[in-house]
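Please examine the sequence and the three-dimensional structure shown below. The paragraphs that follow lead through the fold, its helices and several individual residues.

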Amino acid sequence: MTFAQIALLLGVWLIAVVAPGPDFIAVLRGSAARGRAQGMAVAGGVICGIACWAMLAMAGLGALLTRYGHVYA
């Protein structure tokens, strides 16, 4: 990949990360309705959920690469 392609990919990723999504809305709603403690609890749940998805994705990719490593190389 060239530097221009990496910069473009990084720019698109940055826009996707900065854009508010359902997680942001859930934390905002919890904070507004029940206070800071509830907002922190919702944020903790969001973090745990994202961590679970990331670990499962890495495990799945690892399993695919282990099984079909010849296709990757």
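How many buried residues are there among the 16 residues of α1? The count is zero, and α1 is hardly covered. Here a residue is buried under 20% relative accessible area, exposed over 50% and partly exposed in between, with a 1.4 Å probe and protein chains only.

This is a predicted model, in which local features need pLDDT of at least 70 and side-chain atom pairs count only at pLDDT 80 or more, while totals for chains, interfaces and linings use all residues. Residues are numbered from 1 along each chain as its sequence is written, and side-chain values use heavy atoms, with hydrogens and water left out.

The protein as a whole has four helices and zero strands, and its pattern along the sequence is α-α-α-α. Helices (H or I, at least four residues) and strands (E, at least two) are DSSP runs, numbered from the N terminus. The C-alpha trace spans about 55 × 30 × 15 Å along the principal axes of the protein. The radius of gyration of the protein is 18 Å, whereas a compact globule of 73 residues would have one near 11 Å; the radius is taken over C-alpha atoms, and the globule rule is 2.2 Å times the number of residues to the power 0.38. Of the 73 residues, 4% count as buried. The protein exposes about 6,400 Å², of which carbon and sulfur atoms supply 76%; accessible areas come from the Shrake-Rupley method with a 1.4 Å probe, and for residues only the protein chains shown count as cover.

The chain begins with Met1, in the segment before α1. Met1 counts as exposed because its relative accessibility is 72%. Leaving aside neighbours within four places in sequence, Met1 is in contact (heavy atoms within 4.5 Å) with Ile6 and Leu9. The C-alpha atoms of Met1 and Leu64 are separated by 23 Å, the two residues being 63 residues apart along the chain.

Helix α1 covers residues 3-18 and reaches 22 Å from its first C-alpha to its last, close to the 22 Å expected at 1.5 Å a residue. The expected span is 1.5 Å times one less than the number of residues. Leu14 is placed in helix α1 and counts as partly exposed because its relative accessible area is 46%.

Helix α2 comprises residues 22-34, and its end C-alpha atoms are 18 Å apart, in agreement with the 18 Å that its 13 residues should span at 1.5 Å a residue. Gly35 follows α2 and has a positive phi, near 100°.

Helix α3 (residues 36-67) contains Met55. Met55 is exposed, since its relative accessible area is 53%. Met55 and Ala16 are 20 Å apart in space, C-alpha to C-alpha, and 39 residues apart in sequence.
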